[in-house]
Amino acid sequence: MTENIKGKVVVITGASSGLGEAAARLLAKEGAKLVLGARRLDRLEALAGELSLGKDAVLATDVTDVGQVRRLVDQAVKTHGRVDVIINNAGLMPHSPLERGKVEDWDRMIDVNIKGVLYGIAAALPHMKTQKSGHIINVSSVAGHKVGPGGAVYAATKHAVRIISEGLRQEVKPYNIRTTIISPGAVATELPDSVTEADVAAGVRALYDRVAIPADSFARTVVFAMSQPDEVDINEILFRPTAQE
Ligand code: NDP
């Protein structure tokens with residue numbers, strides 16, 4: 001078992017697949033108490049069954065609805081008496097060139113990737129301030145550091161996640177709250193399925209087929225950040241496949 005993880009109450013958004021699911025699997029192994037949110041409740045329930053989590057370990061949650069995110073965090077507090085960590089992970093990546101004017105995709109990315117993270121912060125922070133401890137982990141991306149053709153809106157949302165996290169880091173010092181940005185490169189998940197333009201999706205899939213690494217790579221970064229002594233705050237972890245440009 002890794003230091004500082006056993007017994008911690010961890011809320012994860014977007015835990016029904018990919019990075020969130022992988023983090024849930026590793027954290028369960030490390031003895032964390034999990035409360036998992038996503039829209040696909042059947043997937044969450046299957047995961048909770050497999051990991052032998054309690055019946056209150058999952059909640060159908062759409063992160064674009066602040067009330068639902070508050071209910072998810074409140075469920076953790078009601079069940080376990082506190083919330084030690086929130087991993088604001090839910091996200092999507094429908095890349096496309098701006099000239100195609102895919103405004104619905106832009107709206108969804110802004111709503112899920114930015115507002116969803118803000119709602120997670122809004123839901124968890126009051127509890128963490130009262131506790132005078134906590135850890136807010138926000139999932140950005142390599143795209144939070146650079147932009148390429150077709151990726152402007154996604155990269156904008158992931159840059160926003162980094163800026164919000166850094167602002168948060170400076171504000172929450174009085175409450176002994178840690179903040180971590182995790183910025184992955186290509187990791188094999190269902191994320192390419194969120195691309196709505198067929199030609200762009202084919203390009204994304206080709207890249208992922210060539211370089212993507214297993215989702216456990218992300219889970220290990222979560223464990224690394226969480227397992228530091230309380231006075232050590234890992235501000236950001238940027239990682240990518242060795243083969244990725
Ligand atoms: P997946 O598509 O496998 O998982 C996305 C998760 O987000 C799912 O659990 C999905 O659950 C959830 N989600 C999507 N929309 C909503 C919503 N409105 N409310 C609640 N949950 C939602 O992709 P990843 O695991 O790869 O993505 C996780 C995060 O990692 C994202 O923020 C992504 O941008 C980021 N990332 C991923 C990289 C990669 O290469 N895989 C690289 C860099 C960053 P459901 O549909 O059940 O609601």
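1. On conventions, residues are numbered from 1 along each chain as its sequence is written. Because the model is predicted, local features need pLDDT of at least 70 and side-chain atom pairs count only at pLDDT 80 or more, while totals for chains, interfaces and linings use all residues.

2. The ligand is surrounded by 32 residues, a residue being near a molecule if its C-beta atom, placed from the backbone, lies within 6 Å of it; the closest are G14, G18, R39, R40 and G91. Two or more residues of this shell come from each of α1 (18-29) and α4 (103-131), and α1 gives the largest share, three residues. Helices (H or I, at least four residues) and strands (E, at least two) are DSSP runs, numbered from the N terminus.

3. By residue class, the shell divides into 13 nonpolar, 14 polar and five charged residues, where Ala, Val, Leu, Ile, Met, Phe, Trp, Tyr, Cys and Pro count as nonpolar, Asp, Glu, Lys and Arg as charged, and the others, Gly among them, as polar.

4. An unreviewed UniProt entry carries the annotation "domain: Ketoreductase" for residues 8-190, and such annotations may be inferred rather than shown by experiment. The span is 47% helix and 17% strand, with its end C-alpha atoms 28 Å apart.

5. S52, which is not a glycine, has a positive phi of about 55 degrees, and lies in the loop between α2 (41-50) and β3 (58-60). S52 is exposed, with 8 other C-beta atoms within 10 Å (exposed means 12 or fewer, buried 20 or more, and partly exposed in between, with C-beta atoms placed from the backbone).

6. N176, in the loop between α5 (152-171) and β6 (177-184), has a positive phi near 60 degrees, and counts as partly exposed with 16 C-beta neighbours inside 10 Å.
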